[in-house]
Amino acid sequence: MSYDSNNVFARILRGEIRCAKIYEDEHVLAFKDIRPQAKVHALVIPKGAYVSAQDFGAKASEQEIAAFHRAVSKIAADLGVADSGYRLISNIGGHGHQEVPHYHVHILGGQPMGKMVNLP
Ligand code: AMP
């Protein structure tokens with residue numbers, strides 16, 4: 001799947017759409033999910049043009065991958081969920097029910113997150 005540079009997160013990165021920013025560095029941006037599904041619900045995205053976790057893992061540089069994972073841990077700590085625990089979710093492609101085709105990780109927490117998977 002090729003990268004669609006008009007996806008909503010690409011537009012946030014270009015400053016065309018506002019977001020509730022939580023964190024930013026050279027490689028990473030994090031912001032609040034617009035439709036939160038838990039008391040804490042943040043999205044962490046790389047600044048590079050990667051469609052999904054699959055694409056990111058295959059093509060991103062070591063520096064981008066390290067920066068991304070370091071940022072996720074820092075953001076979870078800053079959001080106050082590191083000690084209580086939280087869930088990371090990354091939806092990929094059709095079966096993963098991915099809506100926005102720019103790699104992102106959801107940080108969900110602030111409350112017990114229930115069962116890991118609920119199939120329809
Ligand atoms: P998914 O691609 O299925 O992992 O989910 C995409 C997520 O992006 C959903 O949880 C949406 O609520 C969220 N989302 C979509 N547009 C925005 C936006 N403009 N700002 C923040 N979150 C958004």
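The shell around the ligand, in this predicted model, has 7 nonpolar, 5 polar and 4 charged residues. Ala, Val, Leu, Ile, Met, Phe, Trp, Tyr, Cys and Pro count as nonpolar, Asp, Glu, Lys and Arg as charged, and the others, including Gly, as polar. Of the 16 residues around the ligand, Asp33, Glu99, Val100, His104 and His106 come nearest; a residue is near if one of its heavy atoms lies within 4 Å.

Residues are numbered from 1 along each chain as its sequence is written. Local features need pLDDT of at least 70 and side-chain atom pairs pLDDT 80 or more, while totals for chains, interfaces and linings use all residues, and side-chain values use heavy atoms, without hydrogens and water.

| Residue | Protein atom | Ligand atom | Distance |
|---|---|---|---|
| Asp33 | side-chain N or O | oxygen | 2.5 Å |
| Ile34 | polar backbone atom | nitrogen | 3.1 Å |
| Glu99 | backbone N or O | oxygen | 2.7 Å |

Taken alone, the ligand exposes 510 Å², and the protein buries 91% of that (Shrake-Rupley method, 1.4 Å probe). Two or more residues of the shell come from each of helix H1 (8-13) and strand E2 (28-32); helices are DSSP runs of H or I with at least four residues, strands runs of E with at least two. H1 gives the most, with 3 residues.

Tyrosine 3 is found in the segment before H1. Tyrosine 3 counts as partly exposed because its relative accessibility is 25%, between the limits for buried (under 20%) and exposed (over 50%).

Methods:
A polar contact is a pair of N or O atoms within 3.5 Å; within protein, one must be able to donate a hydrogen and the other to accept it, and residues adjacent in sequence count only if both atoms are side-chain atoms. Buried means under 20% relative accessible area, exposed over 50%, partly exposed in between (1.4 Å probe, protein chains only).
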